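Here is a friendly walk through the structure shown below. We will visit its ligands and then the place where its chains meet.

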Amino acid sequence: MSVVQPVLSVRDLRVEFVTRRGALKAIDGISFDIAKGEVLGVVGESGAGKSVTGSAVIGLIDPPGRIAGGEILLSGMRIDNLPPEEMRRIRGKRIGMIFQDPLTSLNPLYRVSEQLVETIRTHTNLSSSAARKRAIDLLADVGIPAPERRIDSYPHEFSGGMRQRVVIALALCVEPELIIADEPTTALDVSVQAQIIALLKRLGREHGTAIMLVTHDMGVIAETADRVAVMYAGRIAEIGPVRDVVQNPLHPYAKGLMGAIPSLESAADRLVQIPGSMPRLSAIPPGCPFNPRCPYVFDRCRVERPEPIQQSEHRVACHLYDQSSVRSEAVA
Amino acid sequence: MLAFTIRRALQAIGVLLAVGIIAFAMFRFAGDPVNQIVSLDTPAAEREQVRRSLGLDDPVPVQFVRYLAQSIQGDFGVSYQFRQPVSDLLAERMPATLELAICATIFSTVFGVLMGVYSGLRRDSFLTKVFQTVSLVGISLPTFLIGILLIYLFAVTLGWLPSYGRGDTVQIGWWSTGLLTVSGLKALIMPSITLGLFQMTLIMRIVRAEMMEVLRTDYIKFARARGLTTRAIHFGHALKNTLVPVITIVGLQFGSVIAFAIITETVFQWPGMGLLFVQAVQNVDIPIMAAYLMLVALIFVAINLAVDILYTVVDPRLRTTIRQPT
Ligand SMILES: Nc1ncnc2c1ncn2[C@@H]1O[C@H](COP(=O)(O)OP(=O)(O)O)[C@@H](O)[C@H]1O
Ligand code: SF4
Ligand SMILES: [Mg+2]
């Protein structure tokens, strides 16, 4: 694995939102890789920092946010400190992004053809007729029936599921190496969610695209992802191969998340409720951020921040797995 | 869409009827029209004859219908002051007012949109603060004061621009235009600014607010994520989405611009319909007042209709009802 260069490599990334009450750490030192053709699932409660991570990678953190440390590498090239114009050329061309709500992701005043052709021509030097042909092929590829006819429709003339297919076509139109899909099916009807995920997975496989898939749906993760990262309060609690993490989670928070999944096959299971709620950014407790809710908490958790520890194929940030920790043998 | 158009047209007719009633009522309640025509020592018999010849002894509804029918044909009666058909007087004055109103609207739209876009994109820049100060002036100073200040500065002190009148005009058919002579154009500048300043302020504020709103939307975020250039995002995607409210304001305000031209025309002695109206009020020249009222109402209503139709040109979502969903 480590011989081949990963498509995306995030190293100790930190993101802050500078407010009047000081800098709030939304992302506090996370690291992960995504290889070519690999799907990394990202889960965690709302506010864990999943979207901010995606925005940081694509260089679109909302003000007053900023990258405060670490680095982001795309196929080995550092992209977190590029000048804005160079980063713009990477967006849409080498990194595609899909947002949650297909109903609001498309500009209502322009035809689908105009939006596709505009994107294609921004990143290539195709003529507009060649770009249009490519756009029609893309729409066919994402499963829109009669694309030659539908391409000149306006977004509101498509159903939600079809619009999300258009959004996917827009994100993929210049064959990016990496796709960030931020809860791409949350706003959709349950009946079309599975189709959209299947589509994403197929396109990713066909083009060897690396995919970062943020979702609340553990069923989707279990079926689609190769590896999964569990985020909590701006950190990665646990990351590892999907079967291991889902069936044998190590981090107490991940255990809580996975605890209520009866089987991998039931796709509708959402994240279970763990007693308590995630702390606000301004009130993250010292030590392990999960300690107020953790059933295994011990003294060290309240003072010392747990660093990620490799445990076979998992990487887990919890003092329970630290050999130097006195309590480590007590749990198994 | 058809039902919508018919409904709007019916509403428009309703509004015009109501204004017609008001205009008609002015004749009945603002003194006896016969007195305006005959002199003090006219014998009663002759007065009666004038009354009959004007149809004033018919039942009120008959008079009203006749008045409406005549108005629709463009016959608004004869001015008491000028002893000329009101329609001729209005037709003679209308080009001046329309040219002024159109110039003021163009001025306010161009500058309002430019300043609005700029201050929406550069929220904290120095120029934005300047624009906001100017807009505060535009909103808070009364029109006549702005006009007088401009006259003082550019006509009296600097002597660059004429302080009153239309300058030289050129006759094209029945239309007299000031747009083809240098003195006519110079004469247009200050009245247009005076008349347009308020709308400019309004448009600037709306464009700015809309721009800031639109830039926060998901489709702008997605446009950025697609790597479109800043120019395409700001001027292709964002600006177009602010156009619907701008069209509304520009359109709906055009009627007000014509109505408010009364003040500007008075300040600059601009020979338009507004000035004619003010003179009519001073001389209780009811036919002119009534005709002016109905004309302004007609313009308002026509513009409202045009704006509704323009919406559907800009925003495809409003067209759905006429299209077959595929
Ligand atoms: N524009 C912003 N300003 C201030 N704080 C923000 C902003 N965007 C996100 N945050 C904070 O960053 C944290 C992570 O948010 P996010 O990544 O959206 O969570 P999620 O995992 O649900 O996608 C949250 O605590 C949120 O309050
Ligand atoms: S470090 Fe301590 S508090 Fe945090 S998850 Fe592990 S046991 Fe729980
Ligand atoms: Mg999110």
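## Around ligand 1

In this predicted model, ligand 1 is surrounded by F17(A), A26(A), E45(A), S46(A), G47(A), A48(A), G49(A), K50(A), S51(A), V52(A), D62(A) and L281(A) (each with a heavy atom within 4 Å of the ligand).

Let's look at the oxygen atoms of this ligand. One lies 2.7 Å from an N or O atom in the side chain of S51(A). With K50(A), a backbone N or O atom is 2.8 Å from a ligand 1 oxygen, and a backbone N or O atom of V52(A) also lies 2.8 Å from an oxygen atom of ligand 1.

## Around ligand 2

The shell around ligand 2 includes C288(A), C294(A), C301(A), C318(A), H251(A) and H319(A). How many of the shell residues are nonpolar, polar or charged? Nine are nonpolar, three are polar and none is charged (Ala, Val, Leu, Ile, Met, Phe, Trp, Tyr, Cys and Pro count as nonpolar, Asp, Glu, Lys and Arg as charged, and the others, Gly among them, as polar).

## Where chains A and B meet

Here 24 residues of chain B are in contact with 31 residues of chain A (heavy atoms within 4.5 Å). Across this interface the rule finds zero salt bridges (a side-chain nitrogen of Lys or Arg within 4 Å of a carboxyl oxygen of Asp or Glu).

## Reading notes

Residues are numbered from 1 along each chain as its sequence is written, while chains are lettered from A and ligands numbered from 1 in the order in which they are written. Local features need pLDDT of at least 70, side-chain atom pairs count only at pLDDT 80 or more, and totals for chains, interfaces and linings use all residues; side-chain values use heavy atoms, with hydrogens and water left out.

Key: Polar contact = N/O pair within 3.5 Å; in protein donor to acceptor, adjacent residues only side chain to side chain.
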